Amino acid sequence: MNVSDIVTVLEEIASASLAESWDNVGLLAGDSAQAVQRCLLTIDYTPAVAAEAREKKCEMVISYHPPIFEGLKKITGSSLIFQAIRDGVAIYSPHTALDVAEGGTNDLLAEILGLQNVRSLRLVETKAHEFKLVTFVPAENLEEMARALFDAGAGWIGKYSQCSFRSQGEGTFFAGEGSDPAVGKKGKLTRTPEVRFETILPRQQLPAVLAALYKAHPYEEPALDLIQLATPPAKVGQGRIGTLANISRAELFERVKKGLSLSHILIAGPKDGNVKKGACLAGAGRRHLGDAIAQKAEVYLTGELPHHDALAAAKAGVTVIATLHSNSERAILPRLAQRMQEKLRDVQFLISQRDHDPFGFV
């Protein structure tokens, strides 16, 4: 297996097109063609986690939070990114794409709360992250080229792989001085039967797929069209909201602690009485607190919330459960590792033992 195989499965689970516009998701460092036997999953790519990846001989790290978030102006020897590239460690970040995706971070929080009739707090506007590749190839070279493109990550539509469209036609070209045509003769106009081959690919796989095309195509200068596709509005979004079975707040607090393996949680707002409607958002909860209040949630599970937002929630009668930022996200790692392992049995997926929230209780 190689990096591109893992990226393909990650895209199946949580398409990068679902990520927030401000986010930086996908393959952030590394070679798509690099072989992978071990992959480490972590929330943050810290020096301790980087050292763990080296010790465990992991060729790839799936870091939930992107270690490259804004534009880098220099990469020096002390940089974790420099060291990862030097050591041949690829880094992929799913972040908000995994939050939004079905079965992702927010669905897990909704499951821990026990929400029923679940829907998104706010639908996302998806970005165009897919391309259509069109090229023209002699029929006798078609299958070899198609296999190379599929192996590089092209041809996925949902759960279907090796998707393409093929039609017969005729190509023409005049081979000029200095050319070395695979068919026809230099200095003459050539007409030759060709197959028009179309397939799609995610943005992250573009370099690998184009490299595969140029290597597998018999022509010295293959003709191709690369078309960025518009993406229909998503039916999923950030956060979750749903009904609760008239549970007491005290019982709900214990349910959250058990579900996230926490000894302590932070509470703002009402602490007594029962609740019938809850909401959740992994990580920083400020962005969608207003959505939770407007939709009459009585409890809001999140990672962190600023002081004045917590006051606003309490004033609105909403109980805030704050776990500290990454504690609301870390529970998704074992589930993601299991889903990856089921798809890629030749790769060992490990959960970091040195990854932890920077804050703690004493």
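How many aromatic pairs does a search of the whole structure find? The search finds three aromatic pairs, where rings of Phe, Tyr and Trp (its six-membered ring) pair if their centres lie within 6.5 Å, and planes under 30 degrees apart count as stacked, over 60 as edge-to-face and the rest as tilted. One of them joins W22 and F69 in a tilted arrangement, 6.1 Å centre to centre with 55° between the planes. This pair links distant parts of the chain, 47 residues apart, since W22 sits in the loop between helix 1 (3–13) and strand 1 (26–29) and F69 in the loop between strand 3 (60–63) and helix 3 (80–87).

This is a predicted model, in which local features need pLDDT of at least 70 and side-chain atom pairs count only at pLDDT 80 or more, while totals for chains, interfaces and linings use all residues. Residues are numbered from 1 along each chain as its sequence is written, and side-chain values use heavy atoms, with hydrogens and water left out.

Helices (H or I, at least four residues) and strands (E, at least two) are DSSP runs, numbered from the N terminus. In helix 6 (residues 142–151), L142, M145, A146, L149 and F150 are buried (under 20% relative accessible area, with exposed over 50% and partly exposed in between, for a 1.4 Å probe and protein chains only). Seen down the axis of helix 6, these buried residues fall within an arc of 135°, so they line one face of the helix; the arc is that of the directions from the helix axis to the C-beta atoms. On the other side of helix 6, E143 and E144 are exposed.
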